[in-house]
Amino acid sequence: MSLKPKSWNPLKIYRGMRDMLKRLSDKNISGNMVGEGLIQGGIIIFDRNGKARYAYREETGFEVPINDVIAAVRTVKSKDE
């Protein structure tokens with residue numbers, strides 16, 4: 001995975017940070033600037049047999065596509081029944 005930014009345009013970087021901080025503020029989520037900021041997470045949904053059926057890799061500054069995650073869980077659950 002590349003940590004290369006999508007743009008080096010300072011105005012785009014500023015707007016992206018501003019928008020991300022606004023979303024966090026709207027959701028009453030606070031944080032700090034301490035820690036490893038380059039570590040990212042994600043979501044993996046496994047079926048009953050332990051086989052990965054869905055994966056989402058986190059992208060800093062973008063919200064998790066919750067509707068896609070819910071749809072994937074429902075799909076995996078219906079195939080397991």
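Is N28 buried or exposed? At 71% relative accessibility, N28 counts as exposed, where exposed means over 50% relative accessible area, buried under 20%, and partly exposed in between (1.4 Å probe, protein chains only). The model is a predicted one, in which local features need pLDDT of at least 70 and side-chain atom pairs count only at pLDDT 80 or more, while totals for chains, interfaces and linings use all residues. Residues are numbered from 1 along each chain as its sequence is written, and side-chain values use heavy atoms, with hydrogens and water left out.

**Overall architecture**

- The protein contains 2 helices and 2 strands, these being DSSP runs numbered from the N terminus (helices: H or I, at least four residues; strands: E, at least two).
- Along the sequence, these elements follow the pattern α-β-β-α.
- The radius of gyration of the protein is 16 Å, whereas a compact globule of 81 residues would have a value near 12 Å; the radius is taken over C-alpha atoms, and the globule rule is 2.2 Å times the number of residues to the power 0.38.
- The C-alpha trace spans about 50 × 30 × 25 Å along its principal axes.

**Burial, surface and charge**

- Of the 81 residues, 10% count as buried.
- The accessible surface of the protein comes to about 7300 Å², and 56% of this surface belongs to carbon and sulfur atoms; the areas come from the Shrake-Rupley method with a 1.4 Å probe, and for residues only the protein chains shown count as cover.
- The protein has 15 positive and 10 negative charges, whose mean positions are 4 Å apart.
- In this count Lys and Arg are positive and Asp and Glu negative, with His and the chain ends not counted; each charge is placed at NZ of Lys, CZ of Arg, CG of Asp or CD of Glu.

**Contacts along the chain**

- Among contacts between residues at least 6 apart in sequence, 38% join residues at least 24 apart, a contact being heavy atoms within 4.5 Å.

- D19 has its place in helix α1 and is partly exposed, with a relative accessible area of 37%.
- The C-alpha atoms of D19 and G61 are separated by 8.4 Å, although the two residues are 42 residues apart along the chain.
- M20 also lies in helix α1 and is buried, at a relative accessible area of 19%.
- Not counting residues up to four places away in sequence, M20 touches T60 and G61.
- The C-alpha atoms of M20 and A52, 32 residues apart along the chain, are separated by 30 Å.

**Loop between α1 and β1: N28**

- N28 is located in the loop between α1 (10–26) and β1.
- The phi angle of N28 is near 60°, a positive value in a residue other than glycine.
- Between the C-alpha atoms of N28 and I45, 17 residues apart along the chain, the separation is 28 Å.

**Loop between β1 and β2: D47**

- D47 is found in the loop between β1 (42–46) and β2 (52–57).
- D47 counts as buried because its relative accessible area is 10%.
- The side chain of D47 reaches the backbone nitrogen of K51 at 2.9 Å.
- Leaving aside neighbours within four places in sequence, D47 is in contact with R53, V76 and D80.

Terms used: Polar contact = N/O pair within 3.5 Å; in protein donor to acceptor, adjacent residues only side chain to side chain.
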